[in-house]
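Please read these notes with the structure open beside you. They are meant to be checked point by point.

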Amino acid sequence: MTPEETAEIRRRRKSRNIALALVLAFFVLLFYAITIARMG
Amino acid sequence: MSVMTATASATPLPAEWRDFFALTKPRVMSLVVFTGLCGLLAAPGNIHPVIGFTAILCIALGAGGSGALNMWLEADIDARMKRTEGRPIPSGRMRREDARDFGVMLAVASVGIMGVAVHWLAAGLLALSIVYYAVFYTLWLKPRTPQNIVIGGGAGAFPPLIGWVAVTGDITAMPLLLFAIIFLWTPPHFWALALFVKSDYANAGIPMLPVVRGERTTRRQILAYSVVLLPVTLAPWWIRGAGAVYGVSALALSLAFVALSVPVGLRTSTAADAMTPEKRLFKFSILYLFALFAALVADRMLVGAAA
């Protein structure tokens, strides 16, 4: 595997991890909001 | 694109998040979200905004899961058609199994969250819609019958029903009528498009009506569905499920729909035909569905404001 390919894999992995972190953070907030709404 | 494809198929690069997003068929999802939201807003009763948002999110995630499962199952067919050959799997940007896993995850998560946070009946309908689209339509009927668009319309007809049930918790005549409206609207909408866009479904072995039964039959069926659609769109008014704002809008819109379907249904195209009536009907059919559902919501808002 060339250094360019390794760099490309790292770049893609990083962007996917950021996307996944944002999705997870969103669901944490959503479940918190759902809990509050269901208790009300 | 070709350079990208060659690179991707030569070395197994991990797919980008954009490719996962493309699996969810975002354009289809926008219509699903709109009709689901209209069902939710038009339903009698109140829903907490957070729970309502969650219901729409689950409908969108379920539709996205269906889209991903569809692309997983149809990767071979997609590779044989110009319109779909650039999708993540046939272009080599994503492994087929990744699409399957992503689709299953979205489907399971959407149904689970809908059940826990909103309502289990709505969750059951969402699960049914996903199975209907991915298994019943994609796997079984699409490759077998030229009526596949009619059956596929059923999958698109679920969102307003699910949105409505998320609020009321039961299935009554009104949400079933909303289901019937989209169900009957889909064939003339899609076949009008099929008449003027020369697709390569035949190459992919999918029996689309204009290819299998010919243009004449397709035109007759477009007209027939448009005529049947008219009384069905008025039914919510007759059963007093919606008021005059909706009734008058539905009458005007559906009469226009029939009026535009008549020339499409009765004429025969010539070589090098501009297909103007078909293009006009197709464009209007999109506006029609948005306007009809918007009228339903406006009707409910006005009744709510007056009460």
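1. First, a term. Helices here are DSSP runs of H or I with at least four residues, numbered from the N terminus. With that in hand, look at the end of α8(B): the helix is followed by B:Gly169, whose phi is positive, near 80 degrees. Keep in mind that this is a predicted model.

2. Now the length of helix α8 of chain B, residues 148-168. Its 21 residues, at 1.5 Å a residue, should span 30 Å. The end C-alpha atoms lie 31 Å apart, which agrees.

3. Where is the kink in α8(B)? The kink lies at B:Ala157 and amounts to about 30 degrees.

4. Is α8(B) enclosed or open? Of its 21 residues, 19 are buried, so the helix is largely enclosed by the rest of the structure. Buried here means under 20% relative accessible area.

5. Turn to the surface. B:Val131, B:Val135, B:Phe136, B:Leu139 and B:Trp140 make up a nonpolar patch there. Together they have about 460 Å² of accessible area. One of them, B:Phe136, belongs to helix α7 of chain B, residues 120-141. B:Phe136 counts as partly exposed because its relative accessibility is 34%. In general, an α-helix has 3.6 residues a turn, so residues three or four places apart point the same way.

6. Next, charges. Side chains of opposite charge can pair when their charged atoms come close. The count of salt bridges over all chains is 16.

7. One pair to find is B:Asp19 with B:Arg93, a salt bridge at 2.8 Å, N to O. B:Asp19 sits in helix α2 (residues 17-23) of chain B, and B:Arg93 in the loop between α5 (75-79) and α6 (96-118) of chain B, so the pair ties together parts that are 74 residues apart in sequence. Both partners are buried: B:Asp19 has a relative accessible area of 8%, and B:Arg93 has 15%.

8. Compare B:Asp101 and B:Arg100, whose side chains meet in a salt bridge at 3.0 Å, N to O. Here B:Asp101 is partly exposed, at 40%. B:Arg100 is partly exposed too, at 30%.

9. Finally, B:Glu16 and B:Arg18 form a salt bridge at 3.4 Å, N to O. B:Glu16 is buried, at 13% relative accessible area, whereas B:Arg18 is partly exposed, at 48%. Which residues are linked with them in a network of salt bridges? The network also holds A:Glu8, A:Arg11 and A:Arg12.

Key
Residues numbered from 1 in each chain as written. Chains lettered and ligands numbered in written order. Predicted model: local features only at pLDDT ≥ 70, side-chain atom pairs only at ≥ 80, totals over all residues. Heavy atoms only, no water. Helix = DSSP H or I, 4+ residues; strand = E, 2+ residues; numbered from the N terminus. Expected span 1.5 Å × (residues − 1). Bend = angle between axes of the 7 residues up to and from the residue. Buried < 20%, exposed > 50% of the residue type's maximum accessible area, 1.4 Å probe, protein only. Patch = residues over 30% accessible without salt bridge, like charges linked within 9 Å, V, L, I, M, F, W, Y side chains within 5 Å. Areas by Shrake-Rupley, 256 points an atom, 1.4 Å probe, with all protein chains shown as cover. Salt bridge = Lys/Arg side-chain N within 4 Å of Asp/Glu carboxyl O.
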